[in-house]
Amino acid sequence: METINAIGRRKASVARVYLTKGGGNIVVNGKELSNYFPMPNIQNSVTEPLKISEVENEYDIKINVNGGGFKGQAEAIRLGISRALVKIDEENKPALKAKKFLTRDAREVERKKYGKPKARKSFQFSKR
């Protein structure tokens with residue numbers, strides 16, 4: 001099997017995911033998954049598409065991710081893995097789509113406007 005690649009994005013994060021046949025190793029930016037994301041709940045969100053499609057130990061996954069924080073990066077990786085699994089086997093699509101793993105969450109940070117301290121917050125109004 002050749003390498004299957006997919007891209008996932010979330011907030012300011014971009015993840016490039018490469019799947020190859022293997023023993024279930026996940027490497028993120030040259031580090032093991034448990035070293036890159038030390039929190040178990042974040043690790044679970046990354047590996048959830050593999051559990052749903054029941055291929056946890058069948059593929060080696062190499063991931064390059066940059067931009068954003070750890071939560072945005074984890075969700076970008078999750079989208080990339082889901083897209084790659086659908087490329088491999090189209091039968092994975094309904095289960096992943098039901099969990100909304102194939103949907104790009106397009107919410108971004110709103111820009112700060114001039115004359116305001118934040119995007120929408122205003123200074124205290126004084127009538128007199």
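Predicted model: local features only at pLDDT ≥ 70, side-chain atom pairs only at ≥ 80, totals over all residues.
User: Why is the pair of Tyr 36 and Phe 37 called edge-to-face?

Analyst: The ring planes stand at 85°. Planes over 60 degrees apart count as edge-to-face, so the label follows.

User: Why is Phe 37 counted as buried?

Analyst: Its relative accessibility is 3%. Buried means under 20%, so Phe 37 qualifies.

User: And is Tyr 36 buried or partly exposed?

Analyst: Partly exposed, because its relative accessible area is 21%. The buried class needs under 20% and the exposed class over 50%, so Tyr 36 falls in between.

User: What makes β1 and β4 edge strands?

Analyst: The open sheet has five strands in the order β1-β2-β5-β3-β4, with mixed pairing. β1 and β4 each have a single partner strand, so one side of each lacks a neighbour in the sheet.

User: How do you know that β3 and β4 pair?

Analyst: Two bridges join β3 (residues 26-28) to β4, and the strands run antiparallel. Pairing needs at least two bridges, so they pair. Val 27 stands opposite Glu 32 in β4. Helix α3 (residues 70-88) packs on the sheet, touching β1, β2, β3 and β5. The direction of α3 makes about 145° with that of β1.

User: What makes β1 and β2 a pair?

Analyst: Seven bridges join β1 to β2 (residues 13-21). At least two are required, so the two strands pair. They run antiparallel, and Gly 8 stands opposite Ala 15 in β2. Their hairpin has two residues between the strands, and Lys 11 takes a positive phi near 50° there.

User: How do you know that side chains alternate along β1?

Analyst: Ile 4, Ala 6, Gly 8 and Arg 10 point to one face and are buried.

User: Which residues have the most contacts inside the largest nonpolar core?

Analyst: Leu 19, Ile 61, Ile 63, Ile 77, Ile 81 and Leu 85, in a core of 26 residues. The elements giving two or more residues to this core are β1, β2, β3, α2, β5 and α3. Helix α3 gives the most, with seven.

Definitions and conventions. Residues numbered from 1 in each chain as written. Heavy atoms only, no water. Buried < 20%, exposed > 50% of the residue type's maximum accessible area, 1.4 Å probe, protein only. Helix = DSSP H or I, 4+ residues; strand = E, 2+ residues; numbered from the N terminus. Phe/Tyr/Trp six-rings, centres within 6.5 Å; stacked < 30°, edge-to-face > 60°. Contact = heavy atoms within 4.5 Å. Axes fitted to C-alpha atoms, helices over the stretch in contact; angles between N-to-C directions. Core = buried A, V, L, I, M, F, W, Y, C linked by side-chain atoms within 4.5 Å.
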